[in-house]
Amino acid sequence: MKSVASWPSVDWSGFLLLFLATTLYRMSAEVIHQVEEALDEDEKEMLLYLCRDVAEDVAPLTVRDLLDILSEKGKLSAMGLAELLYRVRRFDLLKRILKMDKMAVEAHLLRHPHLVSDYRVLMTEIGEDLDKSDMSSLIFLMRDYMGRGKIAKDKSFLDLVMELEKLNLVAPDQLDLLEKCLKNIHRIDLKTKIQKYKQSAQGAGTSYINAHKASLSNLSFKDTSYNLRLQNGRSKEQRLMVKQLDIQREPEKTSIQESGAFLPQHIPEERYRMQSKPLGICLIIDCIGNDTEILRDTFASLGYDVQCFSYQTMNNIIQILRKVACMPQHQDYDSFVCVLVSRGNSESVFGVDQTRSGFPLDHIRRMFMGDACPSLLGKPKLFFIQNYVVLESHLEDCSTLEVDGPAVKNVESKPRQLGPCLVHREADFLWSLCKADVSLLERPSSLPSLYLKCLSQKLGQERRRPLLELHIELNSSVYDWNSRVSAKEKYYVWLQHTLRKKLILSCT
């Protein structure tokens, strides 16, 4: 037998912390009060929804009531509370109140039963991933099943799900209707997420109690605003965790943060190839003039062929984008980056023009989709957009310029065969959009974009880390800034992506 002195070094304090966390079930009123005070309204609503099955015999109306009831019944250990804070991405409260980090919670969840069902987590993540137009379309499609007056147009996705649960139209083992509607609104990424959940649930033999049948029907949610909760820089981290389409994979173990809600023991994973020299073209169009230099240096240091254009009109921007989308060099490169800095409105960019409603951002993305730009199909296409928002009433002309993507011969608007799998035309995009008030540019000393400054710092200093992780930390930096400044000085960050693999912007 080995002596104690010969045992390998072990962090026994960590084991003791986990032991105490899992065995001490009564949560103090002080801790419950601190958590309830720190959560915002949307986080409280999400937490109440997540726990509908845990508190099946009661109907708590507040987070404080919920946590107190669960504690009284011996259902809320410190690790249970840590899981709830983890699910709403309040890692700061994990550290400040419970003295834990997210890695400890991830390790615990991989090895122990969960307080919250995978189904509830799936629904909250889908809800976080839908914008206002998606919700409007979903509610309209559900009329055939729920009737016209069943749910108001301004209700949230979780409100919709609860109504569907009451009608037995949606349940953990009954998601076909939701899957069908997501497909009809072209949210294939979310449909794929449901399919992954089904596969995981079948393997785990998931069981479920309908919370409505368990007398929680009085639980209500306040209306959530559809500003995508971008201003706090923290609330959209859920979007980053589980949007992978997982089409091409090799077995590899990952953390909960990467794998999302379902937590199988082994999550297949593959990285995008980032080995070409250069890595790709980085197109920078800066119509403001404050950020070109730092952006050029950042992406050049990453190994991109950087092409910069300053102070362009809207027509020039369109022509530049069309020309770049048709460049044959993409065939030999592993990725593409576009950075666009401009004045604009909620949906479009203006360039240096101030007389139109602009060129729709959605059309820019369309120009680089797989059917319009086949040489980039299957490769990551990254867009970082800083839009300084101008009020619509200040514009002289309300016309919108409609421009198709570049003409491509012999390319069908269908998934293209790449090796053993199909790649959808909309796959492999990362779309990071930051909006700020145009008044930031009207000050005597106009400063560079905080968003682009943080992006450049992250990419320059931590290029060997996954891009999505860096974006989460960028969001946190923006949140810290927003908490200290006036409304006119805030930045609003929105991230969407259809990346299928882990992306690291470093070839070394």
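## Cysteines

Cys373 is buried, at 0% relative accessible area. Buried means under 20% relative accessible area, exposed means over 50%, and partly exposed lies in between, computed with a 1.4 Å probe on protein chains only. This is a predicted model: local features need pLDDT of at least 70, side-chain atom pairs count only at pLDDT 80 or more, and totals for chains, interfaces and linings use all residues. Residues are numbered from 1 along each chain as its sequence is written, and side-chain values use heavy atoms, with hydrogens and water left out.

How many disulfides are there? The count is 0, where a disulfide is a pair of cysteine sulfur atoms within 2.5 Å. Cys373 takes part in none, and its nearest cysteine sulfur, in Cys326, sits 7.4 Å away.

## A buried glutamate

Glu165 belongs to helix α11, which spans residues 157-166. Helices (H or I, at least four residues) and strands (E, at least two) are DSSP runs, numbered from the N terminus.

Is Glu165 buried or exposed? Glu165 is buried, and its relative accessible area is 0%. Its side chain has a polar partner: the side chain of Arg120, at 3.0 Å. A polar contact is a pair of N or O atoms within 3.5 Å; within protein, one must be able to donate a hydrogen and the other to accept it, and residues adjacent in sequence count only if both atoms are side-chain atoms.

## A cis peptide bond

Lys277 and Pro278 are joined by a cis peptide bond. Its omega is about -5°. Pro278 lies in the loop between α15 (256-259) and β1 (280-286).

## Positive phi in loops

Which value does phi take at His186? It is near 65°, positive in a residue other than glycine. His186 lies in the loop between α12 (176-184) and α13 (188-204). His186 is exposed, with a relative accessible area of 61%.

Tyr311 is not a glycine, yet its phi is positive, at about 50°. Tyr311 sits in the loop that runs between β2 (305-310) and α17 (314-325). With 51% relative accessibility, Tyr311 counts as exposed.
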